[in-house]
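Trainee: I would like a close look at one part of this model, with the rest of the chain brought in for context. Please take the structure shown here.

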Amino acid sequence: MCPELLDHSIQRLRRRVLADLGVWGDPAVIADARRRFALFVADRNAIKADDQALVLTIVARDADAATFEQLHAIAKASRNETEIRRYYAALMAVRDPQLALQARDIALSAEIPAQAAEQRRRFIFALADEHPKLSWDTYTENLELLLASSPQYRSVIIASNTPAIYGDYVPLDELEAWLKSKVPAAMYPNVARGMESARFKQHEKALMVQAADRYVASRH
């Protein structure tokens, strides 16, 4: 492997490890992200573009109201769709339930410009990581708004994307019935494939949990 590709792979692995440590609440990783964020608030060049999503998401996850508002101000000042996607997506990672409601309202608001309307759905999907019920309720109650930017792909998105996002959170029989109520019968094969993937993912997760439990038990 050439040095450039190797370096890129190492950077990707580093970001993945730091992201996971942030999710798990590693104090050093969180403290460093907050330090870098404070610099970023004053100077948008303080964090490289490739690292911004990582740092802002770690900061947003455990943000208080003041920090959330700082992040929101940065998002509102976005200059292009890339920044909109990066900064607003970070807001959706917040764990605080009340701030998550604010994040949901922001994603649905006119604050998201027309040229980035496609991102609304992705923001609501992102909420599912920390707030699956809020995300699911918002998605089902605002389906037309969230799909308005892609009318030609409406049925495909519902049949294929929905199980991938919500298969871990919504009872699968309930999810499948909802899907079939929202798409024409011609799309039922797509629904079946989406549900098959969701069931496989659940089965795989169960096997991994069992294997992890056996390993932990063996260490004791």
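How close do the axes of helix α4 (residues 65-76) and helix α6 (residues 97-108) come, and at roughly what angle do they cross?

Mentor: The model is a predicted one. The axes of α4 and α6 come within 11 Å, and the crossing angle is roughly 15°. With angles under 35 degrees counted as roughly parallel, α4 is therefore roughly parallel to α6. The crossing in which α4 passes α6 is right-handed. On the α4 side the residues that meet the partner helix are Ala65, Phe68 and His72, and on the α6 side they are Leu99, Gln102, Ala103 and Ile106.

For context, the protein has twelve helices and zero strands. From the N terminus on, its elements therefore read as α-α-α-α-α-α-α-α-α-α-α-α. The C-alpha trace spans about 55 × 55 × 45 Å along its principal axes. Of the 220 residues, 39% count as buried. Among contacts between residues at least 6 apart in sequence, 60% join residues at least 24 apart.

Two packed helices are described by the angle between their axes and the distance between the axes. The axes of α3 and helix α5 (residues 81-91) come within 8 Å and cross at roughly 20°. At that angle α3 and α5 are roughly parallel to each other, and their crossing is right-handed. Helix α3 contributes Ala49, Gln52, Ala53, Leu56, Thr57 and Ala60 to the contact, while α5 contributes Arg86, Tyr87 and Ala90.

The pair α2 and α3 has axes that come within 9 Å and cross at roughly 110°. Angles of 65 to 115 degrees count as roughly perpendicular, so α2 is roughly perpendicular to α3. Here α2 passes α3 in a left-handed crossing. The α2 residues in this contact are Val29, Ile30, Ala33, Arg34, Arg36, Phe37 and Phe40. From α3 come Asp51, Gln52, Val55, Leu56, Ile58 and Val59. Gln52 and Leu56 of α3 are also listed in the contact with α5.

Between these two helices, α2 (27-42) and α3 (49-61), there is a loop that holds alanine 46. Leaving aside residues up to four places away in sequence, alanine 46 touches Leu39 and Phe40. Its C-alpha atom is separated by 7.4 Å from that of arginine 36, ten residues apart along the chain. Phe40 also has a charged neighbour: arginine 44 lies over the face of its ring, at 5.4 Å from the ring centre.

Threonine 138 is found in helix α8 and counts as buried, because its relative accessibility is 1%. Not counting residues up to four places away in sequence, threonine 138 touches Arg104, Leu108, Ile124 and Leu146. Two of these, Arg104 and Leu108, fall within the residue range of α6 (97-108).

A pair of aromatic rings is described by the distance of the centres and the angle of the planes. With ring centres required to lie within 6.5 Å, the count comes to nine aromatic pairs. One of them joins tyrosine 139 and tryptophan 178, with 5.9 Å centre to centre and 50° between the planes, and is tilted. Tyrosine 139 lies in helix α8 (residues 132-141) and tryptophan 178 in helix α11 (residues 172-182), so the pair ties together parts that are 39 residues apart in sequence. Both partners are buried because each is under the 20% cut-off: tyrosine 139 has 0% relative accessibility and tryptophan 178 has 14%.

Technical notes. Residues numbered from 1 in each chain as written. Predicted model: local features only at pLDDT ≥ 70, side-chain atom pairs only at ≥ 80, totals over all residues. Heavy atoms only, no water. Helix = DSSP H or I, 4+ residues; strand = E, 2+ residues; numbered from the N terminus. Contact = heavy atoms within 4.5 Å. Phe/Tyr/Trp six-rings, centres within 6.5 Å; stacked < 30°, edge-to-face > 60°. Buried < 20%, exposed > 50% of the residue type's maximum accessible area, 1.4 Å probe, protein only. Lys NZ or Arg CZ within 6 Å of the ring centre and 35° of its normal. Axes fitted to C-alpha atoms, helices over the stretch in contact; angles between N-to-C directions. Parallel < 35°, antiparallel > 145°, perpendicular 65-115°, else oblique. Left-handed = near helix turned anticlockwise from the far one by under 90°.
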